[in-house]
Amino acid sequence: HNILENNIVQTAASAGESLAAGVIFTFPALVLMGYWEEFNYLETMLIALCGGVLGVLFTIPLRNALIVRQNLLFPEGIATAEVLKTGESGGKHVRYLIIGALLGGAIKFAEAGFKLWEGIAEQAGLLGNKLYAYFGMNLSPALVAVGYIVGLRIATLVFIGGAISWWIAIPVYIAVTGTPVGTNAVELGYSVWSTQIRYLGVGAMVVGGLWTLINLSGAITFAGKSGLQAIKDQKAGKTVLRTEKDTPMKWVIIAIFSMIVPIFIIYIREIESIPITALMSILMLVAGFLFSAVAGYMAGLVGSSNNPISGVTIATILTSSLILLALLGSGAEKGPAAAILIGAVVCCAAAIAGDNMQDLKAGHLLGATPQKQQLMQMIGVTSAALVIPLV
């Protein structure tokens, strides 16, 4: 009936695709490693559910820090709010949405349906086996639209990252290591990027994310104190603005720590070692909050479309692997699977955190009640967790 009800619906619905990303980036690794022989419904559902719920809980104290105090862009949140406003006002504004959809659909159909051109225009070459050059461009209308949404500054930063990788790092690596004559130049570039250069981006993201957390520590502390103060004000009978009413911090803290119990049960079923399981649960909780904060901040800065959740996952697994290796030694038979399971929960939490912050930004612009949005995010996560294992 109104814009806030439409916003509540999209808040719940958008949780599904984010949780799916968290699941698909991690769970197949357990099958590829031979640790799982199939995707067990109960295990898959519970891990996805726990990760998703934690992602929602972690974003509650971050909302005030990132959306209100930092006032980050959250480009998809702004776009969502604008689409909802368009639906509310109707008229000629809806016409622009229809024209954009038809134009994008026609371009995509011509490319993917009629195969009139390739989706990616790229060319690479090798001089001898040392000098490498590459140029490529994705012709997707969706990415053109994302570039418009995030703006020139963020699009430029994304371009610089690609330029560093493909015009500097990959050519330098090939110049140092060489390559067999006759190798396909484009495939060679992707191989080097996937196996070597990708970790430059992961390392940069981890350092940048941790530096961001240090810079945000004051704002996050303030958000926590504000939540506790809101509880005291409520007991004292003071009114809190509806548009600033989050889920009470007391219940958030209780819920976060209570999530250790089901996660411990899941891990003990898989790993069958109490010391390793206890360590995994603690690591997961700490890493989950840290990387959810990083994912939330990145979503605010570069948008969900450019949010490197796979990079967050790799960083989590690398960190968990090093800690498990240091504490348990290289002889721990189930160490690799333990690292992947930690990464699975954290990946689901981080994916949901980035998505939920966009929804909360849209709600902030539209005058929604954060507490009601957070409830609907829980419902969306639960619904997705029940369906994803079947898919």
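## Glu-244 and its partner

Glu-244 is partly exposed, with a relative accessible area of 26% (buried means under 20% relative accessible area, exposed over 50%, and partly exposed in between, with a 1.4 Å probe and protein chains only). The side chain of Glu-244 forms a salt bridge with that of Arg-63, at 2.9 Å from N to O (a salt bridge is a side-chain nitrogen of Lys or Arg within 4 Å of a carboxyl oxygen of Asp or Glu). Because Glu-244 lies in the loop between α8 (185-235) and α9 (249-258) and Arg-63 in helix α4 (residues 41-69), the pair ties together parts that are 181 residues apart in sequence. Helices (H or I, at least four residues) are DSSP runs, numbered from the N terminus.

## Basis of the model

This is a predicted model, in which local features need pLDDT of at least 70 and side-chain atom pairs count only at pLDDT 80 or more, while totals for chains, interfaces and linings use all residues. Residues are numbered from 1 along each chain as its sequence is written, and side-chain values use heavy atoms, with hydrogens and water left out.

Arg-63 is buried, with a relative accessible area of 1%. The side chain of Arg-63 also meets that of Asp-246 in a salt bridge of 2.7 Å, N to O. This pair links helix α4 to the loop between α8 and α9, across 183 residues.

## A pair within helix α5

The structure holds five salt bridges, including one between the side chains of Glu-82 and Lys-85 at 3.5 Å, N to O. These residues are separated by about one helical turn, because they are three residues apart in helix α5 (residues 75-89). Glu-82 is partly exposed at 41% relative accessible area, and Lys-85 is partly exposed at 37%.

Key
Helices (H or I, at least four residues) and strands (E, at least two) are DSSP runs, numbered from the N terminus.
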